Amino acid sequence: MSEERTLTRHAGTVSGLTLLSRVAGLVRDMVFAFLFGAGRAADAFNIAFTIPNVFRRLLAEGALSIAFVPVFTEYKTTRTQEESRHLYNVTFTLFLIILVVVTLAGVAASSPLVRLFAPGFEDDKFELTVYLTRLVFPYIFFIGFTSLMIGILNTHRHFAAPAAAPVLLNAAIITAALLLSGVVEPPITAMAIGVLAGGLLEVLLQLPFIRLKGIRLRLKWDPGHPAVKKMLKLMGPAVFGIAVYQINILVSRALASLLPEGSVTYIYYSNRFLELPLGVFAVAVATVALPSLSEHASLKQMDKLKETLGFAVRLTMFVCIPAMVWMAVCRVPLLATLLQRGAFGHQDTLATSHVFLMASLGIWAVAGIRNLVPAFYAQNDVKTPVIIAFVAFLVNAGAGLVLMWPMGPAGLTLANTISATINVVLLWVYLRKKIGPLGGKSVLSSTWRVLAASICAGAASFWFSTLDVWSLDGHLGDKVLWLGISGLAGMAAFFIAAAILRVPELSVFFKRLRRK
């Protein structure tokens with residue numbers, strides 16, 4: 001129970017800050033939609049920002065989740081403080097060199113990278129995307145440095161500053177877009193300037209907290225350090241596994257570039273809304289659970305590892321399934337309220353809603369993946385998730401090619417959903433084979449109750465999605481009011497149904513709320 005309380009407390013902190021970040025992200029998307037709509041400039045920036053983000057997930061988030069935290073946790077648990085600090089400095093030096101090389105290479109290779117990511121872009125649209133990519137790519141340096149510090153802070157069970165970092169990124173992009181879009185030429189350049197400013201702010205936010213832990217990052221060259229060798233050994237196949245996931249994104253964006261103009265941006269907005277429940281809770285739980293899972297694995301406490309993992313999965317499904325159902329039902333009201341203004345019209349809302357419906361069906365699966373994969377990493381097993389990710393990639397590519405022509409961009413997101421479902425099922429099966437029963441009965445018992453309660457919530461909100469106000473331009477006050485009522489109706493229906501069905505995680509939720 002102490003482990004569950006600790007995980008819930010930390011997850012609550014990360015979720016609250018991530019929610020603030022997602023709200024800032026929604027404001028960013030609202031500003032972006034108002035200024036640039038879903039046309040040529042919007043498509044160009046979305047591809048340009050995707051490229052460094054792919055490398056970010058490979059080098060920054062990938063290294064953080066797979067190599068840094070488990071090895072750092074092992075050293076912190078079993079070695080002296082001096083040995084841990086030496087490891088931080090050695091890792092900092094090596095990672096800094098890698099980031100500089102990747103940044104310079106990415107800027108130099110912007111043109112072929114854009115051709116790879118967006119083969120359907122031609123002439124001025126292609127040139128604009130190359131220009132923006134060269135501006136945005138140095139973001140990988142800032143976010144990579146930030147991720148190293150986040151790995152250290154997470155190892156020391158500090159999660160607040162890392163979770164708050166994206167708020168600064170979104171704030172910087174919003175500020176730059178509003179202040180500079182009328183000054184710079186082309187106006188979309190303002191978004192790229194905001195990205196770079198935000199990356200720098202993310203670095204500056206982490207530094208004081210690193211120092212509060214008594215850590216001073218210094219250049220220390222020791223590539224033969226055994227822990228560094230272990231990290232690199234873990235990162236090799238793991239980066240390949242993440243690369244498979246990123247190739248999924250590359251394939252989806254590349255195929256979308258062959259579809260009518262605006263398809264890339266519709267998928268972008270769909271993914272942004274998809275990340276709301278995932279980022280607010282699924283990623284939060286996975287982030288705070290990884291150090292605990294790594295510690296249990298290093299101490300050979302497999303029963304505790306399975307208990308922590310089972311609780312993390314149940315807690316994640318308790319939040320993500322109702323969010324999935326409500327967002328699928330109220331997708332048009334949600335998009336119309338947040339995006340439909342300026343250059344982004346009602347037809348863009350409807351087009352994005354079709355794409356988002358197919359994507360939202362996979363929220364539960366993506367949430368499950370983000371909680372199960374760290375259990376493999378905690379045991380230094382990166383090969384199994386890699387193989388499973390490759391199978392999922394083949395499914396995604398094949399389904400995307402089949403579905404994109406009859407369904408357009410919605411077919412590509414449906415392919416992602418099918419792929420994620422197969423991925424999470426295979427992860428569960430192989431993890432069970434590896435460490436034994438994972439408490440599947442309790443997970444299924446909780447999940448079907450949560451799903452039933454979520455369907456009640458969706459039914460309570462359905463009528464609000466049929467109102468005429470969503471098709472009108474303006475009327476923001478009315479839209480916010482009706483969307484809020486819809487959300488409250490769905491929430492009330494869910495909690496009542498969950499209480500009747502005796503969903504066990506409901507008591508955990510209210511206990512945490514009472515403590516707050």
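How many nonpolar, polar and charged residues are in the lining of the second largest cavity? By class there are eight nonpolar, one polar and no charged residues. Ala, Val, Leu, Ile, Met, Phe, Trp, Tyr, Cys and Pro count as nonpolar, Asp, Glu, Lys and Arg as charged, and the others, Gly among them, as polar.

The model is predicted: local features need pLDDT of at least 70, side-chain atom pairs count only at pLDDT 80 or more, and totals for chains, interfaces and linings use all residues. Residues are numbered from 1 along each chain as its sequence is written, and side-chain values use heavy atoms, with hydrogens and water left out.

**Stop 1: the second largest cavity**

Select Phe 68, Thr 91, Leu 94, Phe 95, Ile 98, Val 228, Met 231, Leu 232 and Met 235, which line the second largest cavity. Helix 3 (81-108) and helix 9 (226-256) are the elements that give two or more residues to this lining. Helices (H or I, at least four residues) and strands (E, at least two) are DSSP runs, numbered from the N terminus. The volume of the second largest cavity is about 80 Å³, and a search of the whole structure finds three cavities of 30 Å³ or more.

On a 1 Å grid over the protein atoms alone, a cavity is a set of points where a 1.4 Å probe fits but cannot get out; a pocket is an open set with protein on both sides within 12 Å along at least five of seven lines; lining residues have an atom within 4 Å of a point. Grid points are joined across faces, edges and corners, and a volume is the space filled by probe spheres set on the points.

**Stop 2: the second largest pocket**

Helix 11 (302-329), helix 14 (363-378), helix 16 (409-435) and helix 17 (440-462) each supply at least two residues of the lining. Helix 17 gives the most, with six residues. The lining of this pocket has 16 nonpolar, four polar and one charged residues.

**Stop 3**

Val 425 is in helix 16 and is partly exposed, at a relative accessible area of 44%. Buried means under 20% relative accessible area, exposed over 50%, and partly exposed in between (1.4 Å probe, protein chains only).

Val 391 is in helix 15 (residues 383-407) and is partly exposed at 34% relative accessibility. From C-alpha to C-alpha, Val 391 and Leu 426 are 9.6 Å apart in space and 35 residues apart in sequence.

**Stop 3: salt bridges**

The structure holds three salt bridges, each a side-chain nitrogen of Lys or Arg within 4 Å of a carboxyl oxygen of Asp or Glu. Start with Arg 28 and Asp 29, whose side chains meet at 3.9 Å, N to O. Arg 28 is buried at 5% relative accessibility, and Asp 29 is buried at 1%.

Move to Asp 124 and Arg 40, which form a salt bridge at 3.7 Å, N to O. Asp 124 lies in helix 5 (residues 123-136) and Arg 40 in helix 2 (residues 40-78), so the pair ties together parts that are 84 residues apart in sequence. Asp 124 is partly exposed at 48% relative accessible area, and Arg 40 is partly exposed at 36%.

Then select Asp 43 and Lys 125, whose closest N and O atoms are 3.0 Å apart in a salt bridge. Asp 43 in helix 2 and Lys 125 in helix 5 link distant parts of the chain, 82 residues apart. Both Asp 43 and Lys 125 are buried.

**Stop 4: backbone details**

Which bond joins Glu 185 and Pro 186? It is a cis peptide bond, with omega about -5°. Pro 186 is in the loop between helix 7 and helix 8 (189-212).

Finish at Arg 502, in the loop between helix 18 (476-500) and helix 19 (504-515). Phi of Arg 502 is near 60°, a positive value in a residue other than glycine. Most residues other than glycine have a negative phi, and most peptide bonds are trans. Arg 502 is exposed, with a relative accessible area of 69%.
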